[in-house]
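Please open the model in your viewer and keep the selection tool at hand. The tour moves from one selection to the next and says what is there at each stop.

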Amino acid sequence: MIEWNSLGFNYIKTNTMVCSHYKDGQWGPVESRTDDNITISALSASLHYGVECFEGLKAFKCKDGKIRIFRPDENAKRLIRSATYLGIAAPSEEMFVEMVKQVVLENADFIPPHDTGASLYIRPTLIGVGPQLGVKPSVEAFFMIMVAPVGAYAGGIDSPVKAVIAREYDRAAHKGSGSYKVGGNYAASLFAGLEAKRAGYPGVLYLDPKEHKYIDEFSSSNFFGIKDNTYITPDSHTVLPSITNKSLEQVAKDLGYKTERRPIPVEELATFEEVGECGTAVVITPVNQVDDKPSIEGAEFNAVYKYAKECGPVSRKLYNTLVGIQRGEIEDTHNWCVVL
Ligand SMILES: *Cc1c(COP(=O)(O)O)cnc(C)c1O
């Protein structure tokens, strides 16, 4: 029996995962497996050269008894874009969405009840497989989708966090892989994340890797700021195009706020009324302080930007609206949800 109310962001074994193997120029049949261990060649390029990309999305059990999956078509498109960058085969948008629906239905008993605030996290992953030594894209690929029931990732909307600017590190290069959802970007941000945790910061905020003058994003979520009834998020080619951010931007417009996507100089942090992180896992994590330090673990400060201790009213409104749409309690005027 799962304690739905005490779920974190941890893997819990579910009924099945679904997968397909790309070989000889085509995708094999979609398999459903109860075993979540896979066998691949020890010479797979995913293990040696980081030929890996992934996605994250959620399914919700709703009050009306239906299951809703939030914008899986967007995740399909983004995975195809990442796979193209890595030079490996990707499932079609249709194959992706069908496999997501299948794995959700096969694990419907692991979707938390609607009144818990929890959800089913869906993790599609695409890796280069097959024996190879040379540094080149894989001709074989393995696509798999796992699921796990999760609570709110970082404590959620009611637990604002403190973030630090990573002056010593970039998560991606100026003309590099920042806008693709590849595992390598995460490998590159783990060390800074550990230092930040040691120094008492749950959040790490990266700047543009070319000039280090503008805000890019957090290690695994996008940045937004609110001021003068405007939702503002960075326009940067090194930021991962978050589906949550894009959705919040639309929700902001629908609610009558203005929106801006433009470079945001670091100093502009002093002028925001609210600042937040956004992404699938949390939707919105309010940020109550950003410390700009030459070194994450050092004692020196360039600047300290402070915001309200609790989640601000605009962030809260955006959050409630988006979560309401995801959970089938607010009309889905943009047809974002796939309903099962
Ligand atoms: C996945 C991810 C996000 C959030 O994207 P969503 O589509 O909203 O889940 C933000 N930043 C990075 C670096 C990511 O990998």
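Select Thr280 together with the ligand: an N or O atom in the side chain of Thr280 is 2.6 Å from an oxygen atom of the ligand, where a polar contact is a pair of N or O atoms within 3.5 Å. Widening the selection shows 15 residues around the ligand, the closest being Lys181, Tyr186, Ser242, Thr244 and Thr280, with a residue counted when one of its heavy atoms lies within 4 Å.

This is a predicted model, in which local features need pLDDT of at least 70 and side-chain atom pairs count only at pLDDT 80 or more, while totals for chains, interfaces and linings use all residues. Residues are numbered from 1 along each chain as its sequence is written, and side-chain values use heavy atoms, with hydrogens and water left out.

Next, select helix H5 (residues 243-254) and helix H6 (residues 313-326), whose axes come within 10 Å and cross at roughly 110°. H5 is therefore roughly perpendicular to H6, a term for angles of 65 to 115 degrees. Thr244, Ser247, Leu248, Val251 and Ala252 of H5 make the contact with Leu318, Thr321, Leu322 and Ile325 of H6, contact meaning heavy atoms within 4.5 Å. By class, six of these residues are nonpolar, three are polar and none is charged.

Finally, select helix H2 (residues 72-86) and helix H3 (residues 93-106), where the axes come within 9 Å and cross at roughly 130°. The crossing of H2 and H3 is right-handed.

Conventions: Axes fitted to C-alpha atoms, helices over the stretch in contact; angles between N-to-C directions. Helix = DSSP H or I, 4+ residues; strand = E, 2+ residues; numbered from the N terminus. Left-handed = near helix turned anticlockwise from the far one by under 90°. Polar contact = N/O pair within 3.5 Å; in protein donor to acceptor, adjacent residues only side chain to side chain. Parallel < 35°, antiparallel > 145°, perpendicular 65-115°, else oblique. Nonpolar A, V, L, I, M, F, W, Y, C, P; charged D, E, K, R; others polar.
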